Structures are given as C-alpha cells and as structure tokens.
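This report describes selected packing features of one protein chain.

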Amino acid sequence: MFGQYKRIRNLYEGVLTGKGLTYGGSLARTEATGYGLLYLTEEMLKCNGKDIKGKTIAVSGAGNVAIYAIQKALQLGGKPVTCSDSTGWIYDPDGIDVATLQEVKEVKRARLTEYAAKRPNAEYHEKKNGEHGVWSVKCDIALPCATQNELDLEDAKMLVANGCMAVAEGANMPTTMEATEYLQKNGVLFCPGKASNAGGVATSALEMSQNSERLSWTFEEVDSKLQGIMVNIFHNLDEASKKYGKEGDYVAGANIAGFLKVAEAMKAQGIV
C-alpha cells in the first residue's frame, strides 16, 4: 500500500504506518500493542494498591498482541500460563515459554499442538463449543487478546469464581457487554480496549513523528515513549471517572476522556 501511495502521489509521507524498517518503519511497532497492554495493566494495578509481580495471568490468542503481551508480562514479573489459537488452547503451569511460542507461531506458522509437544508439562486442549477455554484456568489477571466477543458472561462468572482481580482488553471488543457489567459489579478492575490496546496506534503515531523528523529512534526510545503514553492514558481515564462521579468505572472514564478530547478540539476549531 505504501509503495502504491508513494507512486500515485509522488510523496514520501508517514501517512501509512507499519512500514518495513528499511523504508521508514519504526522499531517496536510489532511489539507495541502487547507491550502497551501490559504497561497500562501494570499502572492500573499500581493505582489500586496491587502489583503484577508474581501474579498468574491468563492470555488468549497467539498472534502479535498475545505473544508480546506474554513477553512483557514475563519481563514485569508476571506469570502468563495460557495462550490459544482457532483450534485449541495451551495451559503451561511453568509459564509460557516465549521462544517456543514464537518458533511455533511466527516461524513455523504451526498449531499449538507443537508447543505442547516441546514442553513436557504443557497441556493442550482442543477448542470445544460451550467450554470456557483459557478462562477456566485460575488466574489473577485475564488478558483477552484474540478476537471480538471471546469473553462472555459465563466466562466472566468463571473468572470471578476463580478470584480474578483484573481484566484488560488486548483485542478489539473481546468482552461482551454482559460480561463487562458482571466483572465490574463483582469488583474486578476492567479496562476497555479503546484504552488498553492503544499501544499499536500510539506507536504508529511515533512512527509518523520519526518520518517527519527523518529520524529512526532506537527500540528503547520507542518503548520508553510507548510506556509513557500508556501510563498517561490510564491516568486520563482514571481522572475522568473520578471527576464525573464514576470512580473505578474505567469504561465510563475511557468514554468520557475520549469524548471530551474530540469535543474540545471541535469547539476550539469552530466545528461546533
């Protein structure tokens, strides 16, 4: 797409992101959504007097978001024990081994049965309708990173029964409305994807900044800026929830903070 845009417009701009590193792409873009999810989750826990270190984490999915969420969770001291694809899911009580997962999914493009074959204590479960999948595993934190509406009301009930304290969305709208409301009513910290999975688009904006400056930042520079953005996003929605009488409701906080940002820009520019 970028090549054709450049050919038709005769312009070399940052308007299309996710480019290859040799022609204007950004380091850390691949990892950005998964890393960003964990940065926000860590901040959400911290602001509620909790810590990610030592916590058991259930993750769904086995694509970019899930793999790098698992990687960052491990770096932050958490213990992710699950992942899934379209045919089944893995429970690894020793903690998911990222190198093995990457070899299976990114190099071989294989099914998770191959992960189980390489890890003696890992259990492979075939996907079956009506079963809770990764959400049946006892966990402290749940990170749905696979697909829309993957976490329903029955899954939410299972998570609450198993003592889950936080859910943050890595995919786009992976939690149904009924499940979201149930989690919130039962005291589970819940952050919607419009905030928690913003790391990808945030890093696309960082890619555009690099293109404008004709610079290429190091991985560490991009990662550091991403962390700052995600921490700031959480504080914006947290403050909005408190200001408008919805303290602790991060769905309302994210909606209000997002709406106000757009509305204030429209007012300032005379659109409304």
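Is Tyr-35 buried or exposed? Tyr-35 is buried, with a relative accessible area of 5%; buried means under 20% relative accessible area, exposed over 50%, and partly exposed in between, with a 1.4 Å probe and protein chains only.

## Basis of the model

The model is predicted: local features need pLDDT of at least 70, side-chain atom pairs count only at pLDDT 80 or more, and totals for chains, interfaces and linings use all residues. Residues are numbered from 1 along each chain as its sequence is written, and side-chain values use heavy atoms, with hydrogens and water left out.

## Aromatic pairs and charges over rings

Five aromatic pairs are present in the structure. Rings of Phe, Tyr and Trp (its six-membered ring) pair if their centres lie within 6.5 Å; planes under 30 degrees apart count as stacked, over 60 as edge-to-face and the rest as tilted. Tyr-35 and Phe-219 form an edge-to-face pair, at 6.4 Å centre to centre and 80° between the planes. This pair links distant parts of the chain, with Tyr-35 in helix α2 (residues 32-46) and Phe-219 in helix α10, 184 residues apart. Helices (H or I, at least four residues) and strands (E, at least two) are DSSP runs, numbered from the N terminus. Phe-219 has a relative accessibility of 24% and therefore counts as partly exposed.

Phe-234 and Tyr-250 also form an edge-to-face pair, at 5.1 Å centre to centre and 70° between the planes. Phe-234 belongs to helix α10 and Tyr-250 to helix α11, 16 residues apart, and both residues are buried. One aromatic cluster is formed by Phe-2, Tyr-12 and Tyr-23. The charged end of Lys-19 sits over the ring of Phe-2, 5.3 Å from its centre, and that of Lys-225 sits over the ring of Trp-217, 4.7 Å from its centre. A charge sits over a ring if NZ of Lys or CZ of Arg is within 6 Å of the ring centre and within 35 degrees of the ring normal.

## Packing of α10 and α11

Helix α10 (residues 219-243) packs with helix α11 (residues 250-268) at an angle of about 100°, their axes being 7 Å apart. Helix α10 is therefore roughly perpendicular to α11, a term for angles of 65 to 115 degrees. Axes are lines fitted to C-alpha atoms, for helices over the stretch in contact, and angles run from 0 to 180 degrees between N-to-C directions.

On the α10 side, Phe-234, Asn-236, Leu-237, Asp-238, Ala-240 and Ser-241 meet Tyr-250, Gly-253, Ala-254, Ile-256 and Ala-257 of α11; contact means heavy atoms within 4.5 Å. The residues of this contact divide into seven nonpolar, three polar and one charged.

## Helix α4 and single residues

In helix α4 (residues 98-107), the buried residues are Val-98, Thr-100, Leu-101, Gln-102, Val-104 and Lys-105. They pack against α3 (64-75), β3 (82-84) and α5 (113-118). Just after α4, Arg-109 takes a positive phi of about 55°.

Thr-180, in helix α7 (residues 177-185), has 5% relative accessibility and so counts as buried. Thr-180 touches Thr-175, Phe-190 and Val-251, not counting residues up to four places away in sequence. Lys-243 lies in helix α10 and, at 66% relative accessibility, counts as exposed. Lys-243 and Ser-196 are 47 residues apart in sequence and 20 Å apart in space, C-alpha to C-alpha.

How values were computed
Angles under 35 degrees count as roughly parallel, over 145 as roughly antiparallel, 65 to 115 as roughly perpendicular and the rest as oblique. Ala, Val, Leu, Ile, Met, Phe, Trp, Tyr, Cys and Pro count as nonpolar, Asp, Glu, Lys and Arg as charged, and the others, Gly among them, as polar.
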